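Trainee: Take me through this model, please. Start with how its elements are named.

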Amino acid sequence: MKKTIEEHAARFDDHATQYDESQNSAEYTACVDNVCRHAQADDAVILDLGTGTGAIALSLAESAAQVIGRDISEGMMDRASEKATQQGIENVSFAHGSFREPNYDGPVDIVVSNFAMHHLSDEEKREAIATIASFDPERFVLGDVMLFDEPDSAAEFFDPEVDDPATVGMLADALTDSGFSLTVVESISPQVGVLVAERSVGSD
Ligand SMILES: C[S@@+](CC[C@H](N)C(=O)[O-])C[C@H]1O[C@@H](n2cnc3c(N)ncnc32)[C@H](O)[C@@H]1O
């Protein structure tokens, strides 16, 4: 991780009120749509890690039984809670939790994460994926900045000062090592994609 958890949290706290309007790229919008399409499931319990202002959590709440949003930025989650109240959504809850310590130990059907895991180093991403696997979810849907090719420094979708995206190959290996089967690999751009990983039958 190129910044500490506290530095990332402070950065997102500062940006929370402008976050939604700033996320207007075609790549982000497509990623949200695709993640929601793959994670949507009737009556499921869904854990959203790095939930931010709730783009994914609030969208999935309509058909889910319950959505649990976790993030390290109280400012981002305050905005998510405000939106839930404004929209009359009652089956979603937000609380402090990180990839390493999600602060939740109930049953989970689907884990989802959008545009958040690229803040971790590759080693931390491996640990996060192992933690996600420990919930034994049916499915993990990851939308994120990820490298399908060598990054083109003239067209970088990320800020190398704070972001640390993995290659798709590294993510595929980490998912497989944690007992997932990679069932969908969608490239939205050379630097943004969606992976769907399902628990292999008989995984621990
Ligand atoms: C770019 S925002 C994405 C928010 C939301 N998922 C979306 O799609 O709009 C990244 C979020 O990840 C959170 N985050 C960064 N590092 C984290 C960590 N280690 N654990 C949990 N959340 C983290 C940030 O606080 C921020 O809210």
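Mentor: Helices and strands here are DSSP runs, numbered from the N terminus: H or I over at least four residues makes a helix, and E over at least two makes a strand. This is a predicted model, so to speak: local features need pLDDT of at least 70 and side-chain atom pairs pLDDT 80 or more, while totals for chains, interfaces and linings use all residues. Residues are numbered from 1 along each chain as its sequence is written, and side-chain values use heavy atoms, with hydrogens and water left out.

Trainee: Now the ligand. Which residues come nearest?

Mentor: Y19, Y28, G50, D71 and N114, out of 20 residues around the ligand. A residue counts if one of its heavy atoms lies within 4 Å.

Trainee: Which side chains have an N or O atom by a ligand oxygen?

Mentor: Y28 at 2.5 Å, D71 at 2.6 Å and N114 at 2.8 Å. The protein covers 98% of the 600 Å² of accessible area that the ligand has on its own (Shrake-Rupley, 1.4 Å probe).

Trainee: What is the space taken by the ligand?

Mentor: The largest pocket. On a 1 Å grid over the protein atoms alone, a pocket is an open set of points where a 1.4 Å probe fits, with protein on both sides within 12 Å along at least five of seven lines. A molecule sits in one if more than half of its atoms lie within 2 Å of its grid points.

Trainee: Switching topic: how many salt bridges are there?

Mentor: 7 in the whole structure, each a side-chain nitrogen of Lys or Arg within 4 Å of a carboxyl oxygen of Asp or Glu. One of them joins E186 and R37, at 3.3 Å from N to O. That pair links distant parts of the chain, strand β7 (residues 180-189) and helix α2 (residues 26-39), 149 residues apart.

Trainee: What else does the E186 side chain contact?

Mentor: The H38 side chain, in a polar contact at 3.0 Å. Those are N or O pairs within 3.5 Å; within protein, one must be able to donate a hydrogen and the other to accept it, and residues adjacent in sequence count only if both atoms are side-chain atoms.

Trainee: And which residue does D177 bridge to?

Mentor: R126, with the closest N and O atoms 3.1 Å apart. Here D177 in helix α6 (residues 168-177) is tied to R126 in helix α5 (residues 122-134), 51 residues apart.

Notes. On a 1 Å grid over the protein atoms alone, a cavity is a set of points where a 1.4 Å probe fits but cannot get out, and a pocket is an open set with protein on both sides within 12 Å along at least five of seven lines; lining residues have an atom within 4 Å of a point.
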